[in-house]
Amino acid sequence: MRADYVIVGAGSAGCVLANRLSADPSNTVILLEAGGRDTNPWIHIPVGYFRTIHNPKVDWCYKTEPDPGLNNRCIEWPRGKVLGGSSSLNGLLYVRGQAQDYDRWAQMGNMGWDWASVLPLFKRAENNERGADEYHGGEGPLYVSDMRISRPITDAWVKAAQAAGYKFNSDYNGADQEGASYFQLTARNGRRCSAAVAYLNPVRSRPNLQIITHAAVSKVTLDGARATGVRYLDRSGTEHTVTASREVVLSGGSINTPQLLMLSGIGEAQQLKENGISVRKNLKGVGKNLQDHLQARLVYKCNEPTLNDEVSSTIGKAKIGMKYLLSRSGPMSMAASLATGFFKTRPDVETPDIQFHVQPLSAENPGKGADNFSAFTMSVCQLRPESKGEIRLNGPDSKQHPKIIPNYLSTETDRRTLVEGVKIARRIARESPLASKISTEFRPSPSLPMDDYEATLDWARNNTASIYHPTGTCKMGADDMAVVDSKLRVHGIDGLRVADCSIMPEIVSGNTNAPAIMIGEKASDLILAG
């Protein structure tokens with residue numbers, strides 16, 4: 001098989017690239033995806049992430065190594081293994097981050113990645129049901145909508161946050177991120193709008209685009225210092241070679257992309273040799289600079305029904321299902337959270353450094369059902385962690401998951417910011433009208449002193465989880481740890497680019513799916529410009 005462009009990974013950025021590069025009929029494009037088609041009906045129902053996360057048919061089901069910062073716990077890292085990638089499994093939350101995030105990227109030497117340059121790309125991708133304006137697009141393929149569900153407990157949280165001194169913000173993706181708000185989600189008419197739905201479905205019939213599923217790429221083929229294509233294994237284990245006349249683009253995400261580079265001989269020489277891989281290019285930053293958002297999930301039992309009660313009975317579930325069938329609204333149309341807040345932990349912080357995700361339910365683990373008592377959840381995460389981990393090979397076999405070493409809470413800033421975030425969450429819970437709806441604090445325990453730093457930190461070490469935003473493992477830049485340049489070309493290798501969240505030099509201040517879509521848009525422009 002041969003094509004002008006070979007794209008590895010049909011996730012958020014990969015779907016964008018397949019669409020944009022094949023728009024010119026003179027370009028031939030092959031898109032390779034290790035997972036299958038997005039035929040599971042739960043993928044397309046917004047609340048279906050409760051059924052798809054941890055399902056090995058569509059989820060890579062990664063786990064971290066024991067992490068010292070989490071008292072040596074291993075935690076789950078779901079990643080999409082299906083057309084649409086993680087945009088087919090995620091919580092649908094549409095968040096771009098802060099303008100300052102992208103301006104910092106540019107200040108690091110990555111020209112063309114400042115906020116003024118990337119905002120038009122966000123707008124080009126977006127079809128916001130509120131319409132187009134200075135900050136939003138109204139004609140793009142990615143549909144963005146308001147929630148089709150509201151619940152008194154989350155409304156009370158938004159009011160309590162204001163009572164605690166935080167302003168209300170109707171558009172956290174607009175001029176200013178700061179404040180309490182309600183999430184928008186990537187959905188159209190109550191159905192998930194994944195990258196596959198937005199970008200692949202409309203162009204499947206293009207004769208110059210070939211989409212191959214169940215194609216697990218095992219290596220980038222090289223001729224000297226030039227990428228010539230890739231090898232992949234099909235479901236039967238048969239190996240195939242695909243040749244790229246122009247470029248290979250890796251869009252496998254922050255775990256798969258560095259793993260594939262290393263398996264291809266591109267990475268830190270010592271690590272490659274330790275795993276029996278011949279060194280083709282010594283790039284010591286491959287797999288390094290791993291960043292993620294760590295969330296502390298506070299749960300409060302309530303003295304009035306919450307969504308936990310609605311899903312606790314057959315009749316309740318039937319009512320929810322009927323509402324969705326008739327109007328595409330209600331709990332089945334819900335994203336991972338309803339309300340959010342972007343707040344500062346200290347007055348000297350220039351922009352918000354923590355984010356809240358507020359749910360009208362509680363669950364010990366997403367994908368394993370709601371708790372059997374009335375409750376809601378406040379999740380708080382630090383937006384710009386300093387802690388950096390890495391992805392390391394776990395042998396030369398491409399079928400073997402790599403080692404994920406997050407290195408959470410390894411800096412004092414990270415520890416203090418998360419502890420302060422937990423304190424802010426507990427203070428908001430004491431404000432009206434939320435306080436009157438709470439019967440008791442369930443997690444952490446009311447016995448945990450409000451101002452005990454060490455006790456709160458220890459609780460966080462034992463109870464926090466990833467919010468599933470791995471980034472940075474093939475960082476963009478010109479320093480000796482950079483893997484790609486500002487045009488996303490792998491340093492020292494011709495004909496090879498990376499386009500996914502692994503290129504982020506710093507994690508963005510928010511959820512990562514909208515930025516991944518933007519990266520795909522940007523990459524397509526860079527590639528087509530030659």
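The lining of the second largest cavity divides by class into 3 nonpolar, 3 polar and 2 charged residues, where Ala, Val, Leu, Ile, Met, Phe, Trp, Tyr, Cys and Pro count as nonpolar, Asp, Glu, Lys and Arg as charged, and the others, Gly among them, as polar. Among the residues that line this cavity are Asp-146, Arg-148, Gly-190 and Ser-333. A cavity here is a set of points on a 1 Å grid over the protein atoms alone where a 1.4 Å probe fits but cannot get out, and lining residues have an atom within 4 Å of a point. The volume of the second largest cavity is about 30 Å³, taken as the space filled by probe spheres set on the points, which are joined across faces, edges and corners.

Before going on, please keep in mind that this is a predicted model: local features need pLDDT of at least 70, side-chain atom pairs count only at pLDDT 80 or more, and totals for chains, interfaces and linings use all residues. Residues are numbered from 1 along each chain as its sequence is written, and side-chain values use heavy atoms, with hydrogens and water left out.

The structure holds 2 cavities of 30 Å³ or more. The largest has a volume of about 120 Å³, and its lining includes Leu-290, Gln-382, Tyr-408 and Asp-414. That lining has 7 nonpolar, 3 polar and 2 charged residues.

Let us turn to charged pairs. There are 28 salt bridges, each a side-chain nitrogen of Lys or Arg within 4 Å of a carboxyl oxygen of Asp or Glu. One joins Asp-101 to Arg-104, with the closest N and O atoms 2.9 Å apart. Both residues lie in helix H4 (residues 99–107), 3 residues apart, about one turn of the helix; helices (H or I, at least four residues) and strands (E, at least two) are DSSP runs, numbered from the N terminus. Asp-101 is buried at 1% relative accessibility, while Arg-104 is partly exposed at 23%; buried means under 20% relative accessible area, exposed over 50%, partly exposed in between (1.4 Å probe, protein chains only).

Another salt bridge pairs Glu-247 with Arg-497, the closest N and O atoms being 2.6 Å apart. This pair links distant parts of the chain, with Glu-247 in strand S14 (residues 239–250) and Arg-497 in strand S25 (residues 496–498), 250 residues apart. Glu-247 is buried at 12%, and Arg-497 is buried at 5%. Elsewhere, Glu-268, Glu-274, Lys-288, Glu-390 and Arg-392 are linked in a network of salt bridges.

Methods: On a 1 Å grid over the protein atoms alone, a cavity is a set of points where a 1.4 Å probe fits but cannot get out, and a pocket is an open set with protein on both sides within 12 Å along at least five of seven lines; lining residues have an atom within 4 Å of a point.
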